[in-house]
Amino acid sequence: MHIDKVEQDEKPGWKLFFDGFANMKTVGIGVVLISETGLHYHVTAQLRFYCTKNMAEYEACILGLRLVVDMGVQEVLVLGDSDLLVHQIHGEWGTRYLKLIPYRHCLHDLCQWFRSAKFRHIPRIHNEVVDGLATLASMLHHPDKVYVDPLHI
């Protein structure tokens, strides 16, 4: 698994891998959280509303960071293959697409909960496990009667 290779290259600590998948019909997001002791927490969800690939990336990252906040983690390294998200959260790139602005603000607010939250772009090949989770989530068929109310940001 390529996550293991990235994990070996980094210092010990909590790591959050995220990815989003979107096509014309479905959207899936995936997260892998790795603790300091090496425990892996896998989270996946299908979004039942339209969003772009970049919006799905933000949704996945926000889901993962909320999990980290709930676990009481103070320092986290966030790794994803979304060049856009990483550069936007670092403030290196602007956010032109109006629908991404609330996502960026939400991520910024979530980062205030941490003593340290660092974001790093990784090649897609090193994110293939999380990519697989997101793709799998997009393929799952749910009964129309079962749903979770969307969170309005």
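Which residues touch the most other members of the largest nonpolar core? In this predicted model, they are C61, L65, V76, V78, L107 and F119, within a core of 31 residues. At least two residues of this core come from each of β1 (14-22), β2 (27-34), α2 (53-70), β4 (75-80), α3 (83-89) and α4 (101-111). Helix α2 gives the most, with 8 residues. Another core lies apart from it and holds 8 residues, including V32, L77, V130 and L133.

L65 belongs to helix α2. Its relative accessibility is 0%, under the 20% limit, and therefore L65 counts as buried. Leaving aside neighbours within four places in sequence, L65 is in contact with L16, V76, V78, L107, L110, C111, F114 and F119.

F119, with the same exclusion of neighbours within four places, contacts C61, L65, V78, L85, V86, I89, H90 and C111.

S35 is found in the loop between β2 and β3 (40-47). The side chain of S35 makes a polar contact with that of T37 at 3.0 Å. Not counting residues up to four places away in sequence, S35 touches G13, W14 and Y41.

| Residue | Relative accessible area |
|---|---|
| L65 | 0%, buried |
| S35 | 5%, buried |

Note on methods
Residues numbered from 1 in each chain as written. Predicted model: local features only at pLDDT ≥ 70, side-chain atom pairs only at ≥ 80, totals over all residues. Heavy atoms only, no water. Core = buried A, V, L, I, M, F, W, Y, C linked by side-chain atoms within 4.5 Å. Buried < 20%, exposed > 50% of the residue type's maximum accessible area, 1.4 Å probe, protein only. Helix = DSSP H or I, 4+ residues; strand = E, 2+ residues; numbered from the N terminus. Contact = heavy atoms within 4.5 Å. Polar contact = N/O pair within 3.5 Å; in protein donor to acceptor, adjacent residues only side chain to side chain.
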